[in-house]
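My notes follow in the order I took them.

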Amino acid sequence: FSQEKLTQYLITRTRLTGLELDKTGGSVAAFTNLYMPEMHRKGWIANNLVAMEDYVHSPGGFVMDSIPGIHADVLVFDFKSLYPSIIRTFNIDPVALIEAQFDDSKEDVIPGFRGGEFSRDKSILSSILDKLWLARENAKKNNNSIHSNAIKIIMNSFYGVLGSTGCRFFDPRLSGAITKRGHDILKTTKQWIHDKGYQVIYGDTDSIFVHVKDGEENQIMSLGTELQHYINHKWQHHIKEVYQLDCELEIEFETHFSKFLMPTIRGSELGTKKRYAGMITNENGQSHIVFKGLESVRTDWTQL
């Protein structure tokens, strides 16, 4: 507890959400505590919990089909806090969902999924996320990892809360608007990268894996930065042109795997999902292997 500063972390969560110190793990309670006072100030009262017979499942994150094999030089790009960014960009919000029904024109609403629409100028959740986002950026600048981590976990819990029947704000038009938009973002990003002449070999929820072309091995870092700027510029332009909205999406060049293994499914030629290994080489030429979803060691193996 002392080494990981868990007590300070719990106190920080308490200060952020207003919950008692022994109830900091309750994501639904934290969301309700942050959201309902703002909702009341706008003249709304919250609904009761959804009846189980009215529950509609929402899709999870999008996972691409992978291209199996051993690949040299693979770049990994991650969307920074993808689901909170989608909420902020497209104004996904329980009150905005209801308010859209009273907007006079279709131009006044933002289209969602499953019949959901969101008011452009009435939102609570995006403003809460804006404040948390700014606070997290300040915490990172001040190297306050405890504060930064606490905010990150709270922000990332919002999607799960809106997709949980244990939350009074559950609505498949809310959770679906987040995950289905995430699917579209990953698929569109993949297409834009293909248009630049690069092969996407895998993608999962908020990350995308790009294979570097032969002959470009010596310019990895500049290529990663170039693709990062290219994708971010495309999204800024696309969302402004199509939806007349400010884009809060941001992709980052995160990792360069000098060697990358994507196995096949056992007994099949198809590539696996959520299971891979990659070698990362640092500036000093030292390498280490990252395993994801793969058995990397067994206790009955010899040292060899």
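Entry 1: I began with Phe 31, which is buried at 2% relative accessibility. Buried means under 20% relative accessible area, exposed means over 50%, and partly exposed lies in between (1.4 Å probe, protein chains only). This is a predicted model: local features need pLDDT of at least 70 and side-chain atom pairs count only at pLDDT 80 or more, while totals for chains, interfaces and linings use all residues. Residues are numbered from 1 along each chain as its sequence is written, and side-chain values use heavy atoms, with hydrogens and water left out.

I then listed ring pairs. Rings of Phe, Tyr and Trp (its six-membered ring) pair if their centres lie within 6.5 Å; planes under 30 degrees apart are stacked, over 60 edge-to-face, and the rest tilted. I got 15 aromatic pairs by this rule. One of them joins Phe 31 and Phe 169, edge-to-face, with 5.8 Å between centres and 65° between planes. The two are 138 residues apart: Phe 31 sits in helix α2 (residues 27-41), and Phe 169 in the loop between α6 (145-162) and α7 (172-195). Helices here are DSSP runs (H or I, at least four residues), as are strands (E, at least two), numbered from the N terminus. Phe 169 is buried too, at 3%.

**Entry 2: a second ring pair.** Tyr 202 and Phe 209 have ring centres 5.3 Å apart and planes at 55°, so I noted the pair as tilted. Tyr 202 is buried at 0%. Phe 209 is buried at 2%. Ring pairs link both into a cluster with Phe 257, Phe 260 and Tyr 276.

**Entry 3: the cores.** Which residues have the most contacts inside the largest nonpolar core? I found Tyr 35, Ile 92, Phe 158, Phe 169 and Trp 235, in a core of 61 residues. A nonpolar core is a set of buried Ala, Val, Leu, Ile, Met, Phe, Trp, Tyr and Cys residues joined through side-chain atoms within 4.5 Å. Helix α8 (residues 220-243) gives the largest share of this core, 8 residues. Another core, of 10 residues, lies apart from it and includes Val 74 and Tyr 202.

**Entry 4: helix α3.** I checked Thr 89, in helix α3 (residues 82-90). Is Thr 89 buried or exposed? Thr 89 is buried, at 3%. In α3, 9 of the 9 residues are buried, so the helix is largely enclosed by the rest of the structure. The Thr 89 side chain reaches the backbone nitrogen of Glu 248 at 2.9 Å. I count that as a polar contact: a pair of N or O atoms within 3.5 Å; within protein, one must be able to donate a hydrogen and the other to accept it, and residues adjacent in sequence count only if both atoms are side-chain atoms. After α3 comes Asn 91, with a positive phi near 55°.

**Entry 5: charges over rings.** I used this rule: NZ of Lys or CZ of Arg within 6 Å of the ring centre and within 35 degrees of the ring normal. The charged end of Arg 88 sits over the ring of Trp 133, 4.3 Å from its centre. Arg 181 lies over the face of Phe 90, 4.1 Å from the ring centre.

**Entry 6: Arg 120.** Arg 120 lies in the loop between β3 (117-119) and α5 (125-141). I noted Arg 120 as partly exposed, at 29%. Its side chain reaches the backbone oxygen of Gln 244 at 3.4 Å.
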